[in-house]
Amino acid sequence: MAEVAGVLRAGAERGLLREFDEHTGARGRFEAKFLWLLPQPMRFVADVVRQRLSCPEMLDGIVATSALRHDLTAFLMGRHSAQLPEHRRVDSARCAIACPVRAGRLTLALDVLDGDWTYATEKLMKLVHETHVYLHRYWPGYAYESLGALLE
Amino acid sequence: MNKDDRDRRPIAIADKSESSGDKTSRRDFLKAPLTLGVVAGGAGVLGASRVLASGIREESTVIPKDNAAAIHPPKEIIERASAALPTIDYPMTGADVFARACKAEGLAALFCCPGNYEVIHAIAEQNIPAYSGRHEGAMAHAADAFIRVTGEIAACSGTEGPGFTNMIGGIATAHAARTPLLVLASNRTLRGEDTEEGIQHLSQQPLTEGIRKYGKRLILPSRVHEYAAYAFRQLRTGIPGPVHLDFPTEVANARFRNAADVAYNVPPERYRTNSRPGPASTDVKKAVALIRQAQRPIVVSSTGVFYSRAWEALKTFAERTQIPVAESGPMRGQFPDSHPLSASAAPDALPSADLVILVGQYCMPTSGEFAFGPDARYIRIEPVGADIGRNLPIDVGIVSDERLALEALTEACPKMRHEPWLDEIAKAKLAFDAENERYYGLGARYMDAVHPAVIAKELADFLDHGDIPREQTTVVSGGFGIARYTRRWLRAHRVGQICNGAYQYGNIGPDVAYSVGVAAAVQNGVGPQAAYRGAPVICITGDGGFGFTAMEVETLAKYRLPAIIIVYNDNAWGTWTYSHDHLRRSPLHMFQENLRYDRLAEALGGHGEYVRTPGEFLPALQRAWKIAVNERLPTVINCQAKKEFWLKEAYEPGVLGKVEPGVMSYHH
């Protein structure tokens, strides 16, 4: 998981990711925790066995049947679109986007299809960021209630 | 005057003949020639046949329908521009010495309420445009807005104690906006310090700590000129901010027999410099290296570009390097939205930027507040190094005056091309326009009240695509929920065209007061407003905010400042949205329904329009414009909306979010 750690450490060294902490667990599982975009710490977990890089429980208060969930899923899956420029797109031949919701918590994940964990880490960071921008733009009520956005 | 200049001149949509018998007005008008001047020697432009050399000629006095006595400005206001200026020479008071220093420094306007009498009288007698309003806080806001659309220094003033504390909110707002606001207040006597003799004792300076750049209670009368110099050094250098001086009676009333009695009595060129810090060549080299590597660079142009008057340097740099520009900040127009390289209305593209050049972004967002992605590198340019690197990590910091830095970068950068990046921005602009059109289509379907998308779209079309030159109208772009709509459509085409509401401090309610300052700037043709002298101005606000400074409609009417105030009246604070389904909470966020803010305007000597359906908005705006041009009266257009428009589930698109920087900028 040196690739994942390398990308994230670089973000920490630049001052982008604050209070950065990392550890490697059993069976090559790598986890990093840091402050970025949200008031609460965010985690990136790389699971070699499942070939999945995820940001577990990134969003709280997501009702599985809600319009927000539906819209957010459509937005995220749209990140595979060939209409997007390469630097904004997640190449579906290399990573598959997943956004499961359990107990109201949405996990944002990429299934790594080509073994390129550097690519996956960079893309997951962008995906997390774009989700943040999207929610502030189109779901200001949720951003206020759940993301720490100011009422004004 | 060349043809381009003529084309840009303000025009009226109604001429004098229309004004003399305006059938659309809801009032009768007594034809009693009045002359409203602001400054001796000033002249209006709009409705040229109505203008006298000494000021703006006004022919209307308002008679209410019930035949009550006419509402009109007193003749002292009407005639003040032609009143003889007193000869001010030694022996002089401390206030006179201070006012003379202000005049020498080009203080462009004073906004005040009575109080601090010696100082405000002395400033008015220096022929500095002086306006008095209904609340000192509103006057602080007015001065703030005046500065934000002119770049010139203005002052606000209040009396000791309560008059001063009334200004606190305005000072704090100006501080967040980095406005070089001169705050003046009287402050009892030195001999009575700490006694509570009489009334209104207050230790002022501790109260502005944290919301000012510099402050001083003047102690020694002989140093009054010296402290004027302290004030203007702070106001005119570095990163701007409010400067607060309080005047004990012994200072304001001091008598100086001759110039020798005044300490350090030297002209501005002796006590301060106009020299500006230039960029270090090593920093420029590092910045150029980053710029050359970048595939998708972008400039964020903000407050410092305005105050360093760097807009031409910015344009030259952007065009040479083909780097797009997005604006942010408390004022907009330094880089026109209509320029092909403008990225202010391209929110979808912002996360793609790989290099962000922050120029004069004094109020710095934290990570995630601007839409730039995790890959973005940052170059930050400011005249003072103390703030560079705060909140967002930098890759290169350049301590420099913004204009000098941009000129150095232009010289050091080769001509560049970023066609794929500019194509991406162009597509993002089209997508944003399409999204706005969709919102307008949704809003126009709601027929029982006026949806904010209708106001935003039709106002923007009126200003940008009608008979008025699109560069002409200066706009106070305020409000809370309504601003999330109007800012999507409003475009700035020249410097000083948009004053961006309360900005980062988030103060609710300055908007009507802002319109006093903005209209005064336009009335006097100060700085970038020179070409539009006398033109009507637009103010957008909400019903919550209107309540804070609504009495300043009287100030607008009194001085014949033709502001059109669009009130989005949805019967509630914007905060209602997030508590609407809690019955013990939601009443705290509500007003009485269907309040008649238009009638309040009429009671204060202005004009009122009440708009209840989408189709009524544009005709009301047209009538208001005609009245502004021909009668120079302010109008309140009371747009009856409903708070439920913010509920996305019931009234799509509901309350809107934002993306910064760009036209939607709200916090930074």
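Reply: Happy to! One term to start with: helices here are DSSP runs of H or I with at least four residues, numbered from the N terminus. Also keep in mind that this is a predicted model.

Me: OK, then how far apart in helix H18 of chain B are Lys457 and Asp461?

Reply: B:Lys457 and B:Asp461 are about one helical turn apart, because they sit four residues apart in helix H18 (residues 452-465) of chain B. The two form a salt bridge, with the closest N and O atoms 3.3 Å apart.

Me: Is B:Lys457 buried or exposed?

Reply: B:Lys457 counts as buried, because its relative accessibility is 14% and the cut-off for buried is under 20%.

Me: Switching topic: in what order do the five strands of the open sheet in chain B come?

Reply: The order is S13-S12-S15-S16-S17, and the pairing is parallel. At the edges are strand S13 (325-327) and strand S17 (396-399) of chain B, each pairing on one side only. From one strand to the next, the twist averages 20 degrees.

Me: How many bridges join S15 to S16 in chain B?

Reply: Five bridges join strand S15 (residues 355-359) to strand S16 (residues 377-382) of chain B. For instance, B:Val359 has B:Ile381 as its bridge partner in S16(B).

Me: And which strands does helix H16 of chain B touch?

Reply: Helix H16 (residues 402-412) packs on the sheet and touches S15, S16 and S17 of chain B. Its direction makes about 130 degrees with that of S16(B).

Me: Last one: what pLDDT does chain B average?

Reply: Chain B averages 91, and 90% of its residues score at least 70. Over residues 1-59 of chain B, though, the pLDDT is below 50. Where pLDDT is low, the predicted coordinates should not be read in detail. For the model as a whole, the scores are ipTM 0.97 and pTM 0.92.

Note on methods
Residues numbered from 1 in each chain as written. Chains lettered and ligands numbered in written order. Predicted model: local features only at pLDDT ≥ 70, side-chain atom pairs only at ≥ 80, totals over all residues. Heavy atoms only, no water. pLDDT = per-residue confidence, 0-100. Contact = heavy atoms within 4.5 Å. Pairing = 2+ DSSP bridges. Helix = DSSP H or I, 4+ residues; strand = E, 2+ residues; numbered from the N terminus. Axes fitted to C-alpha atoms, helices over the stretch in contact; angles between N-to-C directions. Salt bridge = Lys/Arg side-chain N within 4 Å of Asp/Glu carboxyl O. Buried < 20%, exposed > 50% of the residue type's maximum accessible area, 1.4 Å probe, protein only.
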